[in-house]
Structures are given as structure tokens and as C-alpha cells.
Amino acid sequence: LVLLAAAIPAGAGSAAADGFVSVSTAVEPSQPVPEEEFTIQTTISSSPDSSTDYRLVEAEVRRGSGPNAELVSEEGFRTGFGPGTSKTVGVEATLNESGTHEVFLRLTFRDGTGDKRTLVQRMEIQVIEGHPQAEVSTDAALPGDDQTLTVGVSNGLEAAVNNVEVLVDSD
């Protein structure tokens with residue numbers, strides 16, 4: 001049984017699947033940088049009305065909702081919980097490019113009889129460059145000619161960039 005949860009904005013949210021568990025997620029750090037590992041903190045709560053114990057056996061992060069979508073990461077678990085209980089697990093992942101990424105967290109559970117149930121939650125994760133970027137441009141020049149140099153600095157960080165120093169040297 002595969003259950004697809006509703007769209008969840010900005011890398012955090014919650015979903016419920018057929019009353020057997022509810023899942024809430026948060027990305028840490030909230031704005032990961034390219035090629036650095038981040039954690040999807042996933043809190044799983046079993047319904048108090050449930051009469052079954054569940055065990056999380058696998059978590060996958062994929063770039064699409066289907067089972068053949070590009071696999072970003074996968075982890076095995078042996079995390080069990082009974083009716084009315086909650087547990088938080090960390091699912092590690094890495095995205096290599098900056099920008100907004102639509103990923104799907106696919107959680108596979110087994111109940112007390114061994115039956116498999118899967119919950120899929122859509123997430124949007126904003127990956128930012130981890131440092132300010134500079135761009136320098138100029139027109140072609142001949143030796144000895146004066147030339148205008150244009151320097152642009154962009155900041156993808158939450159904090160301001162101060163004391164930017166540009167050094168120019170020529171031979």
C-alpha cells in the first residue's frame with residue numbers, strides 16, 4: 001500500500017496516511033548548501049486509536065514521487081512504536097546544486113504481521129550557496145590603457161556581508 005501525502009511547502013510540514021501514522025518534517029540546517037549533508041528531521045506519531053505496532057524499516061529521498069525516480073539517499077531503520085507514541089529520526093541527504101529542489105521522502109513501515117505500508121511526502125528544499133559570490137567584468141584593453149573594471153558581489157546568505165575588499169594588480 002502506497003499513500004501519497006499532500007504538497008508541503010518550504011521543506012517542512014506534516015502528513016497523515018490513512019490514520020496509521022502522522023509524519024512531520026523539518027530540514028536542518030533550514031537552508032542547506034550544495035554538496036553538504038543536511039538532515040530531514042522526521043517525527044513519526046502513531047495514532048492513539050491504532051491497534052497495531054509499527055516499525056519504520058526504510059527511508060528514501062527521491063527527486064520524483066515514483067519508485068524509479070532518482071535516488072538522493074536511503075537509510076535503513078529498525079525503529080518501532082506502538083499506538084499513541086512518537087519517535088524522531090534523522091534522514092541524511094545531499095543536494096549538489098543551489099536552487100529549490102522538489103524531493104519526496106518515502107517512508108516504509110511494517111506492521112505487527114509484517115505487512116508493508118509506505119507513506120510518501122513531498123518537500124521543497126531551498127539549497128543556497130554557502131558564501132558570497134563575486135563577478136568581475138571588463139572590456140578588452142591594450143597594455144598601458146586605462147580600463148574600467150566592474151565588480152558585482154551577490155550574497156545568498158541570511159547575514160549581511162561587510163568589509164568587502166577588492167585588490168587590483170597588473171603586471
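The protein's accessible surface comes to about 10,100 Å², and 45% of that belongs to carbon and sulfur atoms; areas here follow the Shrake-Rupley method with a 1.4 Å probe, and for residues only the protein chains shown count as cover. This is a predicted model, in which local features need pLDDT of at least 70 and side-chain atom pairs count only at pLDDT 80 or more, while totals for chains, interfaces and linings use all residues. Residues are numbered from 1 along each chain as its sequence is written, and side-chain values use heavy atoms, with hydrogens and water left out.

Let's start with the fold. The protein has zero helices and eleven strands, counted as DSSP runs from the N terminus (helices: H or I, at least four residues; strands: E, at least two). Of the 171 residues, 34% are buried, meaning under 20% relative accessible area, with exposed set at over 50% and partly exposed in between (1.4 Å probe, protein chains only). Among contacts (heavy atoms within 4.5 Å) with a separation of 6 or more, 57% join residues 24 or more positions apart.

The largest nonpolar core holds 25 residues, and Val21, Ile40, Ile44, Leu107, Phe109 and Ile125 have the most contacts inside it. Such a core is a set of buried Ala, Val, Leu, Ile, Met, Phe, Trp, Tyr and Cys residues joined through side-chain atoms within 4.5 Å. Strands S3 (21-28), S4 (38-46) and S6 (71-81) are among those that each supply at least two of its residues.

Charged pairs come next. There are five salt bridges, each a side-chain nitrogen of Lys or Arg within 4 Å of a carboxyl oxygen of Asp or Glu. Three of them are listed here.

| Pair | Closest N to O |
|---|---|
| Arg62 and Glu60 | 2.9 Å |
| Arg106 and Glu60 | 3.9 Å |

Glu60, Arg62 and Arg106 are linked in a network. Arg62 and Glu60 are both buried, and Arg106 is buried as well. Arg63, by contrast, is partly exposed, with a relative accessible area of 32%.

Finally, the surface. Val136, Leu149, Val151, Val153, Val161, Val164, Val166 and Val168 make a nonpolar patch of about 650 Å². Patches take residues with over 30% relative accessible area and no salt bridge, joining nonpolar side chains (Val, Leu, Ile, Met, Phe, Trp, Tyr) within 5 Å and like charges within 9 Å. Strand S11 (residues 149-154) gives the most to this patch, with three residues. Val153 lies in strand S11 and counts as partly exposed at 43% relative accessibility.
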